[in-house]
Amino acid sequence: MSVTARNKISSALHASRSARRRKRCSCEIIPFKAQPAPQATRVHHVFDDALDHMYPGDVVLLNEVESLRNIVDPAFFAIMACPLCGKRDLITQSQYSGTDPVICGYDDCSCHFRIGQQCDLIYLPVN
Ligand SMILES: [Zn+2]
């Protein structure tokens, strides 16, 4: 076998191998699909040291944090991380006690829920 022929075979094999590799790689790529985030089912009371890393469903009561109580409008009772998107928002006493429903205040989230017995999250239909 001449050197040229061997080179041709070698490069053909190499091309075929890399083509296979490419093909296999493309088969293994699973398109990323946005999975619905697992929804919190319970309110979880946390302390003010968790304010910077609250998880969905976490609640900090303003009355327990004097530094916040002094600067936040008295109409609000707690800071809650939306059980769906996790963003923090203020809720009133009547929302916390379940009398009024809570609607996430962020445009990119449509979470609508009620807090039952100050601990259960009851999801409501989005209207
Ligand atoms: Zn939200």
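Helices (H or I, at least four residues) and strands (E, at least two) are DSSP runs, numbered from the N terminus. This is a predicted model, in which local features need pLDDT of at least 70 and side-chain atom pairs count only at pLDDT 80 or more, while totals for chains, interfaces and linings use all residues. Residues are numbered from 1 along each chain as its sequence is written.

**Confidence**

- The mean pLDDT of the chain (the predictor's confidence in each residue, from 0 to 100) is 82, and 69% of the residues reach 70 or more.
- Helix H1 (residues 3-28) has the lowest mean pLDDT among the elements, at 53, whereas helix H3 (residues 93-96) has the highest, at 97.
- Over residues 22-26 pLDDT stays under 50, and the model has zero contacts there beyond four places in sequence; a contact requires C-beta atoms, placed from the backbone, within 7 Å.
- Where pLDDT is low, the predicted coordinates should not be read in detail.

**Sheet**

- Four strands form an open sheet in the order S1-S2-S3-S4, with mixed pairing; two strands pair if DSSP finds at least two bridges between them.
- Strand S1 (44-45) and strand S4 (88-92) are the edges, each with a single partner strand, so one side of each has no neighbour in the sheet.
- Strand S2 (residues 58-61) and strand S3 (residues 76-81) run antiparallel and are joined by three bridges.
- Val60 has Ile79 of S3 as its bridge partner.

**Burial and core**

- Of the 127 residues in the chain, 15% are buried: a residue is buried if 20 or more other C-beta atoms, placed from the backbone, lie within 10 Å of its own, exposed if 12 or fewer, and partly exposed in between.
- The largest nonpolar core has 15 residues, and Val59, Ala78, Ile79 and Met80 have the most contacts inside it; such a core is a set of buried Ala, Val, Leu, Ile, Met, Phe, Trp, Tyr and Cys residues joined through C-beta atoms within 7 Å.
- S2, S3 and strand S6 (112-116) each supply at least two residues of this core, and S3 gives the most, with four.
- Not counting residues up to four places away in sequence, Met80 touches Val59, Asp89 and Ile91.

**Contacts across the sequence**

- Among contacts between residues at least 6 apart in sequence, 28% join residues at least 24 apart.
- Leu51 lies in the loop between S1 and S2 and counts as partly exposed because it has 15 C-beta neighbours inside 10 Å.
- Leu51 and Ile79 are 28 residues apart in sequence and 8.7 Å apart in space, C-alpha to C-alpha.

Key:
Two residues are in contact if their C-beta atoms, placed from the backbone, lie within 7 Å.
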